[in-house]
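Here is a colleague's note on the structure below. Please read the numbered points with the model open beside you.

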Amino acid sequence: MHDNGIEELITKLYDMVQDARSLPLGADKCIVEREKVLDMLDEISNRLPGELKQAKTIVDSRNELIAKAKREVEGIQRQAQSQAKQLVSQEAVYQEAQNQADEMIRNAQAKIKELRQVTNDYVDDSLKRTEEAIAEALGQIRETRGQFRKLVNPQERSKSPIIEDV
């Protein structure tokens, strides 16, 4: 009987009780071979501690594996959370840099617009003053030319008070 497992021994014991003859006037009571039943119970009793030890070892191993898996999962979660925080932090830094760059571009465009306006006003004013200076110079040239014609034309000489006969 040593080759049989505990489950097989228990099954044989059930079969033995089920197949046993009933007592007269007692359908719930039966006759079994006492030595055979006691031997089977001894065998079960002897095997039980070894199988319980093996089952306990298996349960302990399973619990240890579960605990290890939980630790690994927690480590992975911590690492994922850390990476997520870094990414969020990097995203915040990137967003801040982007906002600053956008602000710098807006400021530069406003400055360019202002400089264009100042430059246009300066050029317009310079051209206006140049035009006025040229108009004044043209007036002086016309006056000088008129005086020159009077010198060149003898008929006009007598009228000119500036040039005298030499």
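1. K56 is exposed, because its relative accessible area is 51%. Exposed means over 50% relative accessible area, buried means under 20%, and partly exposed lies in between, with a 1.4 Å probe and protein chains only. D60 counts as partly exposed, at 37% relative accessibility. K56 and D60 form a salt bridge, with their closest N and O atoms 3.1 Å apart. A salt bridge here is a side-chain nitrogen of Lys or Arg within 4 Å of a carboxyl oxygen of Asp or Glu.

2. A word on the source. This is a predicted model, in which local features need pLDDT of at least 70 and side-chain atom pairs count only at pLDDT 80 or more, while totals for chains, interfaces and linings use all residues. Residues are numbered from 1 along each chain as its sequence is written, and side-chain values use heavy atoms, leaving out hydrogens and water.

3. Why are K56 and D60 separated by about one helical turn? They are four residues apart in helix α2. An α-helix has 3.6 residues a turn, so residues three or four places apart point the same way. Side chains of opposite charge can pair when their charged atoms come close.

4. Now take two further pairs. E103 and R106 form a salt bridge, the closest N and O atoms being 2.7 Å apart. They sit three residues apart in helix α2, so about one helical turn separates them. E103 is partly exposed at 37%, and R106 is partly exposed at 46%. The side chains of D125 and R129 also meet in a salt bridge, at 2.9 Å from N to O. D125 and R129 are four residues apart in helix α2, again about one helical turn. The count of salt bridges comes to four.

5. Next, the layout. The chain has three helices and two strands. Along the sequence they follow the pattern α-β-β-α-α. Helices (H or I, at least four residues) and strands (E, at least two) are DSSP runs, numbered from the N terminus.

6. How far apart are the end C-alpha atoms of helix α2? They are 168 Å apart. The expected span is 1.5 Å times one less than the number of residues. Helix α2 bends by about 35 degrees at L48, and the proline P49 follows within four residues. The bend is the angle between axes fitted to the seven residues ending at a position and the seven starting there.

7. Which residues of α2 are buried? They are V37, M40, E43, I44, R47 and S126. Their cover includes α1 (6-19). Of the chain's 166 residues, 8% count as buried.

8. Y122 belongs to helix α2. Y122 counts as exposed because its relative accessibility is 56%.

9. Finally, look at strand β2 (residues 26-31), where I31 is found. I31 counts as partly exposed, at 47% relative accessibility. I31 and R21 are 10 residues apart in sequence, yet 5.7 Å apart in space, C-alpha to C-alpha. Leaving aside neighbours within four places in sequence, I31 is in contact with A20, R21 and L23. Contact means heavy atoms within 4.5 Å. Among chain contacts between residues at least 6 apart in sequence, 48% join residues at least 24 apart.
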